[in-house]
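Please open the model in a viewer and keep the selection tool at hand.

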Amino acid sequence: MRHEPSHADLTGRICVVTGATRGIGRAVALGLAKLGAQLVLVCRRPEDGAEVAAAIAAAGGRDAEVVVADLASQASIRKAAGEIVSRHDRLHVLVNNAGVILRERQVTVDGFETQFAVNHLAYFLLSQLLLDALRQGAPSRIVNVSSGAHQGGRIDFDALQSERRYDPIRVYSMTKLANLLFTHELARRLDGSGVTVNAVHPGVVATRLLATYLDVPVVGGTIARAFGAKPEKGAETIIHLAAAPELASVTGAYFAGGQQSRSSPASYDEAVARRLWDVSAELTGLA
């Protein structure tokens, strides 16, 4: 049975959203602002962040902050996290939303395959760097945007950087499975802390990322609606996870189709989750 959206008043709550300038992330930011939240918009281009902040203000929301970060750069993530915690000693919601699919293999400034770096390592690193502030703000929530594509994913620790064979869809599925493994492991480690962490499949949504996934053209700035729902529809469950009072104690869960669901059997492998955690800590310098 699909949930009926039920949201708390988020006045006074500070919510950090990555990838907040377009698609689902923009819709999430606007939706949380409508509930009274103060938004911290993590985005790559300051002018795009300023546009979303202006849209929030025009809709009657509180002044949103823009924090510039290239999530393909760990130095940039660290700088952004430092900026956020210097302004806020406590946070209440972190939505790890930003993600990419690249048709051709690319490598980040840190030497990592870009999908793995942005879709997984950025989630891992930013969450860790903001964790003390989230603990200070407890009860607080982390929402990791995954995908139903995780169902076909497999973690090959000998090929995390996809150097020998790069298939964009296979790599994307692997990173979305990594989101689930990270969610489940982080929830176990945060048990009793007052910080919950859950993952969500927002549905098939008409975004640039979907266009790349399906290898279809972007027409007039958007994808033909035949290929997916509006971003506002995809944002609904994310906002629900961030704000619903009845989900205050739910952690380590996966939501799809607007309701709590079972993710793939591979996502519940605790040994793989622990190993991925250790590898991620090493690759991000947090070991």
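Axes are lines fitted to C-alpha atoms, for helices over the stretch in contact, and angles run from 0 to 180 degrees between N-to-C directions. Helices (H or I, at least four residues) and strands (E, at least two) are DSSP runs, numbered from the N terminus. This is a predicted model, in which local features need pLDDT of at least 70 and side-chain atom pairs count only at pLDDT 80 or more, while totals for chains, interfaces and linings use all residues. Residues are numbered from 1 along each chain as its sequence is written, and side-chain values use heavy atoms, with hydrogens and water left out.

Display next the side chains that make the contact (heavy atoms within 4.5 Å): Arg26, Ala29, Leu30 and Ala33 from α1, with Glu51, Val52, Ala55 and Ile56 from α2.

Turn now to the sheet. Eight strands form an open sheet of mixed pairing, in the order β3-β2-β1-β4-β5-β6-β7-β8; two strands pair if DSSP finds at least two bridges between them. At the edges, select β3 (65-68) and β8 (259-261), each of which pairs on one side only. From one strand to the next, the twist averages 25°.

Select then β1 (residues 14-18) and β2 (residues 38-43), which pair in the parallel sense over five bridges. Here cysteine 15 stands opposite leucine 39 in β2.

Finally, select helix α7 (residues 231-243), which lies across β4 (93-96), β5 (140-145), β6 (195-201) and β7 (254-256) and runs at about 160° to β5.
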